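Here are a few notes to go with the model you are about to open. Keep it on screen and look up each residue as you read.

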Amino acid sequence: MRSRKSVSREDSSLPGDDFEIGERKRKYPPQTIPYYYGIIFCFFLLLLLRFVVFLDQRLPTPLKKDDESQYPERFIAERAQEDLKYLTDLGPRVVGSYENEVLTVEFLKKQILDIIHEADKSQEIQLDVQVVSGSYFLGSKPTGKINMYSNVQNVIAKLYGRDSNNSLLLNAHFDSVPTSPGGSDDGINCAVMLEILRKYSKRKIRPLHNVIFLFNGAEESALQASHGFITKHKWAKESRVVINLEAAGAGGKIVMFQTGPNKIWLNEDYGKVPHPRGQAASEELFQANVIPSDTDFRIFRDFGNMVGIDMAFVKDGYRYHTKYDRFDNIPLGSYQHVGDNVMSLVENMANNPELGDENAKSGKVVFFDFFGGFFVSYSTTTALFVNLSVFVLSLLTFFVSLGRFNLGITVNTVFYFHQILAVTLFGWLLSFLAVIFLAYLIDLLGYGMSWYGHPWLVLGIFVIPTIITSTPMLLLIKPMHISRNANSFIQAQIIRLIWSSIMLIITLLGIRTTYPFLMIVLFDTLAYAVILLLGLEHSASTWKIVYVILSLIPTSFSMSINIELFDFFIPLTGRIGSNKIPDIIIGFGAVFSTLLTLTPYYFLVSTLDKPKNFYKILGTIFAVCLVIVFTPLGFPYSGNYESPTPQRFWIMHSQRTFHGEDGGIIKRDSGYFFLNMDRNSPRSVARYVDDLKRTADLESDCNNFLLCGLPLAHPKMCEVVRYSTWIPSSSPIIPDPVNLKVNSKTQISPTLFRYNLTISGPDRIMFYLSPKKDLKMSKTSLLDKIDDEVFWNDRPYYFFVYTCGKEVTPINAVFDIEVPINHTGPTMDIAVAGNYVHPKKFRITPDFSKFLAKFPDWADLTAWVANYHSYVI
């Protein structure tokens with residue numbers, strides 16, 4: 001190791017260095033590298049990114065039925081695939097349809113009865129079919145809903161354990177959305193549960209706890225059958241822990257994205273599965289309502305006081321809830337991945353004494369997988385200790401670095417440090433502003449979301465501008481008292497200290513997603529510690545090579561997190577509504593991901609010879625990508641069944657009738673109601689669908705009628721209904737019109753009116769109720785308690801969802817409205833909408849059929865008929 005004394009004059013960094021500058025330049029030439037090394041390094045990072053993508057896409061080798069003799073205890077993917085084939089061949093399995101209520105239920109019953117018949121004599125398995133009705137309040141943003149259901153079905157199998165007091169619950173739903181065969185959402189998980197039950201039924205030894213397999217028949221309608229089970233089924237009270245299996249994509253690996261709440265042993269058991277995949281970041285984003293979805297896990301947690309694990313397929317989210325979620329796009333390795341993991345998890349949990357222990361280890365957990373190879377989880381207390389220790393280690397490494405370059409804490413050096421800090425943070429801020437401005441400009445010109453169909457464009461139009469705008473600031477630092485090598489070394493230390501500080505701050509704020517920062521800071525600190533221990537800091541090229549090699553792990557880890565997040569969020573932007581600018585969302589994420597992943601290498605820029613050439617090449621690549629955005633090559637949508645990137649459209653051929661205070665009809669019309677699902681809708685199809693030239697303005701309806709007088713199918717539509725499209729049309733064919741009957745209106749007291757109502761119509765009804773100004777709904781027979789009051793045009797309103805399964809029954813309800821003394825006149829507005837979502841139960845008109853035929857093949861259409869009546873009572 002070279003002594004400090006021997007380097008103090010060779011690479012002097014003292015502020016009072018008495019070497020003449022001319023002598024320094026003559027004796028110690030600038031330590032630079034050719035600019036094209038920077039380009040080569042960028043391509044190296046692209047190759048590393050491609051390798052990480054390969055790891056992300058790699059699936060386990062699937063087992064077939066022929067392998068069963070060799071692996072009798074293992075999950076057999078091929079048999080699960082055969083079960084899914086039957087389910088998807090039925091087509092969409094919508095709540096209330098023959099396919100869902102009869103064919104699927106009979107299939108599941110037959111499979112379970114066959115399993116019972118072939119089970120080992122030591123096993124006891126019981127089958128039950130539940131038909132259940134109920135109601136509850138489900139809070140969500142922007143508005144909650146009163147969720148009502150009638151005669152929905154659950155198919156349930158119970159595998160008895162040695163201890164019959166506690167049960168592990170497995171849940172998946174067999175229903176699907178109206179236009180999708182539901183291959184991944186959620187057919188594959190039903191098939192997986194059947195195969196796991198089949199394998200357990202043939203074992204000689206029972207598990208410690210019971211295992212309940214819940215095939216629930218009403219999740220998409222939404223989250224109804226799970227509520228029926230956990231609040232009314234005979235096995236509900238013994239269910240302690242749930243493993244919920246879901247999908248927000250198709251194929252790939254199943255991800256554990258939510259656990260707990262606050263049970264450490266759940267993560268410990270999950271950490272033993274063969275192919276772990278999960279991030280605490282996903283859990284925090286989901287629970288912060290950043291993701292516009294919900295799962296049955298919430299119902300079991302909130303209404304059953306259960307803990308557990310929530311898992312879902314998230315890859316290829318373009319197929320989610322579309323016609324593309326088919327059987328043939330799911331690789332056999334995906335069955336094996338979910339089957340191996342869930343079977344292992346059932347084994348761990350069903351034999352864990354902590355399952356029934358209310359006093360089991362509790363606390364919030366930080367967790368993440370490492371390239372799917374192993375799983376890391378630790379408590380937030382441990383995270384605080386580890387992150388604080390790494391922060392201190394990072395700080396110590398910085399001070400040791402100062403000593404090695406003879407930089408004392410003087411006015412000049414402190415000013416120098418502040419220069420680096422200021423230009424670094426300014427560069428980061430500039431990159432955010434530049435990319436957000438660029439994203440806004442692209443959107444303003446009408447060419448947004450090009451990366452939706454071509455995710456690699458994120459690199460060209462967002463990542464490269466981030467590098468171009470955030471790194472040149474460092475070139476402004478040209479200290480006269482230290483060498484170029486020392487300057488780049490110290491720059492790297494200060495950048496690490498910035499991330500160290502960010503890591504410490506978010507740790508103290510109680511945010512668990514600190515591990516991406518921890519990995520960067522920890523490995524960066526260790527890399528420089530190795531360099532300092534080996535005395536390589538004065539060898540300008542050697543220490544950089546050593547650093548790059550030692551940084552491959554944190555860089556790859558950061559890339560893997562970014563891949564997972566962008567793989568999820570890019571398809572998600574196709575269903576967040578037209579009122580948000582997705583280019584800004586993705587651009588912002590790209591800037592942050594780029595800075596976190598690449599800023600540890602920013603010191604290399606200050607060592608480039610002719611850096612202008614480096615920026616010219618990056619600028620040229622950026623310009624090419626930007627040109628692609630404005631050409632047909634950058635068009636975001638595709639209807640290719642092998643790799644679809646569809647644009648979604650919800651279109652309801654609607655008939656609306658508005659009644660006045662006297663019950664008479666004041667307005668009646670029909671039209672095509674577009675729910676614009678993404679930023680480009682409906683502009684993107686304007687040249688195909690000439691009917692859009694007849695679009696009517698909805699502003700008057702939004703001002704005068706509740707929720708714009710439109711037949712909304714889901715409360716989340718309330719947020720974007722003002723951005724919807726209405727095209728006047730001929731009337732639809734309504735097979736079973738909705739009807740509201742006021743059975744009685746009784747004045748209970750001087751300040752209270754009671755209404756007894758009956759609402760009838762199809763098997764899917766929505767109705768919205770809004771008391772008049774300064775009035776209040778105090779009670780309803782549909783709920784024990786009224787929560788979360790929301791407003792429309794400064795008046796509170798309530799959104800009711802009603803779904804029928806096996807049999808259609810009308811709604812009978814009582815509402816109490818509080819009024820001022822001596823109040824006369826009507827007390828509320830109420831609108832009723834019937835949605836006819838079963839193609840075999842309604843006919844579309846020739847006009848509607850011609851209208852739908854105009855859409856291009858890349859448009860995924862969810863089209864049905866709707867009937868709407870509004871009343872003033």
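1. Let's start in a loop: Ala 222 sits in the one between strand E5 (209–216) and H7. Keep in mind that this is a predicted model. The peptide bond joining Ser 221 to Ala 222 is cis, with omega at about 25 degrees.

2. Now follow the chain into helix H7, which covers residues 225–232 and packs on helix H10 (residues 296–304). Their axes are 9 Å apart, and the angle between the helices is about 25 degrees. Angles under 35 degrees count as roughly parallel, so that is the label for H7 relative to H10. The crossing of H7 past H10 is right-handed.

3. Which residues of H7 and H10 make the contact? On the H7 side, you'll find Ser 226, His 227, Phe 229, Ile 230 and Thr 231. H10 brings Asp 296, Ile 299, Phe 300, Phe 303 and Gly 304.

4. Pro 261 belongs to the loop between strand E7 (254–260) and helix H8 (264–270). Asn 262 lies in the loop between E7 and H8 too. Its phi is positive, near 65 degrees, and Asn 262 is not a glycine.

5. Is Asn 262 buried, exposed or partly exposed? It counts as partly exposed, because its relative accessibility is 36% and that class runs between the 20% and 50% cut-offs.

6. Asn 822 is also worth a click: its phi is positive, about 70 degrees, although this residue is not a glycine. You'll find Asn 822 in the loop between strand E21 (811–818) and strand E22 (828–836). With a relative accessible area of 69%, Asn 822 is exposed, since the cut-off for that is over 50%.

7. Last stop, the strands. E12 (residues 647–659) and E13 (residues 665–676) pair in the antiparallel sense over 11 bridges.

Note on methods: Residues are numbered from 1 along each chain as its sequence is written. This is a predicted model: local features need pLDDT of at least 70, side-chain atom pairs count only at pLDDT 80 or more; totals for chains, interfaces and linings use all residues. Side-chain values use heavy atoms; hydrogens and water are left out. Two strands pair if DSSP finds at least two bridges between them. Helices (H or I, at least four residues) and strands (E, at least two) are DSSP runs, numbered from the N terminus. Axes are lines fitted to C-alpha atoms, for helices over the stretch in contact, and angles run from 0 to 180 degrees between N-to-C directions. Angles under 35 degrees count as roughly parallel, over 145 as roughly antiparallel, 65 to 115 as roughly perpendicular and the rest as oblique. A crossing is left-handed if the near helix is turned anticlockwise from the far one by less than a right angle, and right-handed if clockwise. Contact means heavy atoms within 4.5 Å. Buried means under 20% relative accessible area, exposed over 50%, partly exposed in between (1.4 Å probe, protein chains only).
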